[in-house]
Amino acid sequence: MARWRDTGTPAGEAALTSRLDSADVTREPMIAPSLLSADFARLADEVQRVADADWLHFDVMDAHFVPNLTFGLPVMQAVQAVSPVPLDCHLMIENPQRWAPGYAEAGSRNVTVHAEACADPRAVARDLRAAGALAGLALKPGTPLDTYLDVLPEFDTLLVMTVEPGFGGQEFMAEVLPKVRQARKLVDSGHLTLFLEVDGGINADTIAQAAEAGADVFVAGSAVYGADDPGKAIAALRAQAAAMAR
Ligand code: DX5
Ligand code: ZN
């Protein structure tokens with residue numbers, strides 16, 4: 001279900017195609033279940049339960065950039081080895097320039113770092129692309145897009161947080177949607193070439209608003225893993241988003 005050209009490319013062989021090309025983005029909504037809401041004692045099984053997803057969202061938290069602590073590179077490598085779905089690593093960590101390339105080298109399709117934690121976002125993006133991944137930049141709810149307009153041409157994904165990063169199961173912040181709209185205008189007018197990803201509180205009640213604002217990648221933790229049938233939840237969310245996409 002991945003929608004850009006290197007679908008199926010084995011880990012480590014994507015270096016020549018890591019840069020996102022506008023022709024590769026079809027605006028089909030992509031659903032990225034967050035493993036944060038999975039049963040950590042059964043990760044291999046939990047990955048299989050979302051085999052119909054487009055990306056598997058992997059939330060790395062370091063107990064410094066955010067108060068919570070989750071998992072890091074060794075667990076990512078173990079998940080990557082059994083996942084039928086490309087990984088989308090979201091690094092909520094300090095000093096991402098030190099750690100982010102390792103996730104790209106391990107085969108993550110997309111690696112997103114937080115703008116607030118980056119001394120030199122351009123350098124991180126270049127390292128990620130050179131290591132064969134798409135490069136993502138994440139903005140906390142209170143971080144304006146304008147500050148980062150000049151570095152975004154170096155990135156492939158813009159992740160707009162729709163909750164404060166740190167925990168799953170929080171309430172969606174609709175007040176962040178103008179930032180998604182602003183980014184969508186810049187993409188549609190050809191000024192930027194980006195996947196527009198939203199993360200936090202995405203569920204059956206909120207995904208239509210996010211899609212209407214222009215998001216095309218939707219992270220969903222509790223809405224997918226909290227469902228009796230995660231596959232059905234993914235399909236339902238994708239259909240809701242597709243109905244809103246222009
Ligand atoms: C929050 C994480 C999210 C989280 C989303 O800091 O970045 O990816 O897992 O979980 P839900 O969908 O439950 O809000
Ligand atoms: Zn996340």
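A donor here is an N, O or S atom within 2.8 Å of the metal (3.2 Å for Na, K and Ca), and water is not among the atoms, so sites may look incomplete. Keep that in mind for the first site.

Quick ground rules. This is a predicted model, where local features need pLDDT of at least 70, side-chain atom pairs count only at pLDDT 80 or more, and totals for chains, interfaces and linings use all residues. Residues are numbered from 1 along each chain as its sequence is written, chains are lettered from A and ligands numbered from 1 in the order in which they are written, and side-chain values use heavy atoms, with hydrogens and water left out.

Now the metal. The zinc ion (ligand 2) is held by H57 (NE2), D59 (OD), H90 (ND1) and D199 (OD), at 2.1 to 2.3 Å. What makes the arrangement octahedral? The 6 donor atoms subtend angles of 70 to 174°. The rule for six donors is that opposite ones are over 155 degrees apart and all others between 65 and 115. Along the sequence, the spacing reads H-x1-D-x30-H-x108-D. Distant parts of the chain are linked here: H57 sits in strand β2 (residues 56-61) and D199 in strand β7 (residues 195-199), 142 residues apart. Strands are DSSP runs of E, at least two residues; helices are runs of H or I, at least four, and both are numbered from the N terminus.

Are H57 and D199 buried or exposed? H57 is buried, at 0% relative accessibility. D199 is buried too, at 8%. Buried means under 20% relative accessible area, exposed over 50%, partly exposed in between (1.4 Å probe, protein chains only).

On to salt bridges. The rule is a side-chain nitrogen of Lys or Arg within 4 Å of a carboxyl oxygen of Asp or Glu. The count comes to 12.

Take R238 and D54. Their closest N and O atoms are 2.9 Å apart. R238 lies in helix α8 (residues 230-244) and D54 in the loop between α1 (43-48) and β2, so this pair ties together parts 184 residues apart in sequence. R238 is buried at 14%, and D54 is buried at 1%.

E46 and R49 also pair, at 2.8 Å, N to O. E46 is buried at 3%, whereas R49 is partly exposed at 31%.

Last one: D188 and R184, 3.1 Å between closest N and O atoms. They are 4 residues apart in helix α5 (residues 177-188), about one helical turn. R184 is buried, at 3%.

Conventions. Four donors count as tetrahedral if all angles lie between 85 and 135 degrees; four count as square planar and six as octahedral if opposite donors are over 155 degrees apart and all others between 65 and 115; anything else is irregular.
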